[in-house]
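Please keep the sequence and the structure in view while reading.

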Amino acid sequence: MAQSTETTDWVSRFADEVIEESERRASGKAASPADAPVVVVASGLSPSGPIHLGNLREVMTPHLVADEIRRRGYAVRHLISWDDYDRFRKVPKGIAGVDEDSFLEHIGKPLTSVPAPEGSAHPNWAEHFKAAMTESLAELGVEFDPISQTAQYTSGVYREQILHAMRHRGEIDAILDQYRTKKAPAKQQKNQQKPVDEAELEAAEGSGAANEDDGSSGSAGYFPYKPYCGNCEKDLTTVTAYDDDTTELTYTCTGCGFGETVRLNEFNRGKLAWKVDWPMRWAYEGVVFEPSGVDHSSPGSSFQVGGQIVGIFGGKRPIGPMYAFVGISGMAKMSSSRGGVPTAADALKIMEPQLLRWLYARRRPNQSFKIAFDQEIQRLYDEWDKLDAKVAGGTSQASGSGGGSALPGDVAAHARAVGTAAGELPRTPRPMPYRTLASVADITAGHEDQALRILSELDPANPLASLDEVRPRLDKAETWINTQVPADQRTIVREEPDHELLKSLDEPSQQSLRLLLDGLTEHWSLDGLSHLVYGVPKVQAGFPADATPKELPPEIKTAQRSFFALLYHLLVGRDTGPRLPTLLLAVGQERVRTLLGE
């Protein structure tokens, strides 16, 4: 079902390609979406530590495409393969309940064989980190089918695929050998000239392609399969012999010295090397669409090599766009091996799901972007609210409304942010500006009655009746203030007037305060106070309070800045603070009059 080029966005374009590819594989176009084969898209996540916001792109990219396909009436499966049978490679830093020295003994074991951090309610390391991500995905409205690779391997689901890989190990080795002799590619991001730092390279740890493992070669030849040791449970093993007829496999462990001979047709304690495992799964699951990070796009990487190996298993490589890194405002690029790296759960504590979905939906996968944990979050929310208002008002360019209208791609990204094929996500009933809510939360320090008083005065014609009307946005803004704003930037209203400063004021400064105080009662609303505080310097200079910037000389802006700085000093003892109209409402009219020396 092709979409008009005037209204398509990157999600729609990929949906077109995926539907076409799925039907091609099924040998023909379906008469209707109901008759079409189930479309399979996939993501892979390794619960080796906190699953950060860069890894979330591994999920959101196929989710958005799957959801668009679902909206068109097709059946879709979004698989999330939990690579929980991967080896525990290193102890992440900064994890609560984890003593780094004591966890070193588990290096080399499957993630599901590593104990959970102390105090966790979950049975093992993998389940601990899977749980947090699963909860976040539910809040984001992501519908998926989970697959535990531990369950798949240890139950023998992949037995025939493993035996097939061992029978065709020569062909696999020949494909891999084409790349082993090539010079390693420069550590460059695709479409970028600047070098990639180590943190960016390590970001791959959150996906199944962590170490680009292609198997092991020894005196007995190449083998694409590695057993976990029957004694120490680690993958420090070397296959020393294998018989294709009997499937007898002999291995030794370099970690503990243990060795044994097993029959691979009944042995379930091992896994295929990653560069073989991934294409095997493409074929087994019939995956049509799966993105991969920039680390997989270079020659010899798992996605490129997998495109050749998948044919050995009778499958095809999926459509696989490269996705770029996701950064955090004010922080280095993310790496799941480093403590304190923000996760989806961290982001959802300070922003609504709609905003987080929008950040992933509005950028093509190969475009990098940043998620704001600093003051930039206020600007992002302003931008989102403007788009929300335009869409609610029907002011899109597609409707021919002209000038300040939203582009079709922006409208599409908005639709993908606010809901899915299953319906709209829960939203704040009355979404007041985030920066206003943050300022109120800052000033009131958790006093709900004070917050309600201030917020109800923002719009006297339509006063807020309950804080529930501005939740959950208010709670997100309050969490942001309490967890992300440094203490020295928090707002503390003066207890007493600054008598020394008030005494030192010259006549023009005293006059500006009188003009403000005289207008407080009449202008006591958010819009009214905005008009008043910007208007005082204009009136002092002999201009009307509603004069536009074009009608004013440049020195009026200088006078406004000086007036604002004076108010901040008298109210909070600093040069800056929350927006003055909000601050005045928060302080309250009586206290404002006292602090300004009336």
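The crossing of α20 and α22 is right-handed, where a crossing counts as right-handed if the near helix is turned clockwise from the far one by less than a right angle, and as left-handed if anticlockwise. By class, this contact of α20 with α22 has 6 nonpolar, 2 polar and no charged residues; here Ala, Val, Leu, Ile, Met, Phe, Trp, Tyr, Cys and Pro count as nonpolar, Asp, Glu, Lys and Arg as charged, and the others, Gly among them, as polar. The model is predicted, so local features need pLDDT of at least 70 and side-chain atom pairs count only at pLDDT 80 or more, while totals for chains, interfaces and linings use all residues. Residues are numbered from 1 along each chain as its sequence is written, and side-chain values use heavy atoms, with hydrogens and water left out.

Two packed helices are described by the angle between their axes and the distance between the axes. Helix α20 covers residues 526-540 and helix α22 residues 580-587, and they pack at an angle of about 120° with their axes 8 Å apart. The axes are lines fitted to C-alpha atoms, for helices over the stretch in contact, and angles run from 0 to 180 degrees between N-to-C directions. The two helices α20 and α22 are therefore oblique to each other, a word for angles that are not under 35 degrees (roughly parallel), over 145 (roughly antiparallel) or 65 to 115 (roughly perpendicular). On the side of α20, L526, L529, S530 and V533 meet P581, T582, L584 and L585 of α22, with contact meaning heavy atoms within 4.5 Å.

## A threonine in helix α15

T436 lies in helix α15, which spans residues 434-444; helices (H or I, at least four residues) and strands (E, at least two) are DSSP runs, numbered from the N terminus. Is T436 buried or exposed? T436 is buried, with a relative accessible area of 3%, where buried means under 20% relative accessible area, exposed over 50% and partly exposed in between (1.4 Å probe, protein chains only). Leaving aside residues up to four places away in sequence, T436 touches L458 and T582, and T582 also belongs to the α22 side of the helix contact described above.

## An antiparallel sheet

An open sheet of 3 strands has the order β7-β8-β9, with antiparallel pairing, and two strands pair if DSSP finds at least two bridges between them. The edge strands are β7 and β9, each of which pairs on one side only. Strand β7 (residues 237-242) is joined to β8 by 5 bridges, with V239 opposite Y251 and Y242 partnered by L249. Strand β8 also pairs with β9 (residues 259-263) over 5 bridges, and there E248 stands opposite R263.

Each hairpin has 5 residues between its strands, and a residue with positive phi: T247 at about 65° between β7 and β8, and G257 near 85° in the hairpin of β8 and β9. In a regular strand the side chains alternate between the two faces of the sheet.

## A parallel sheet

Another open sheet of 3 strands has the order β1-β2-β3, with parallel pairing. Its edge strands are β1 (39-45) and β3 (145-148). Strand β1 pairs with β2 (residues 76-82) over 7 bridges, and V41 stands opposite H78 in β2.
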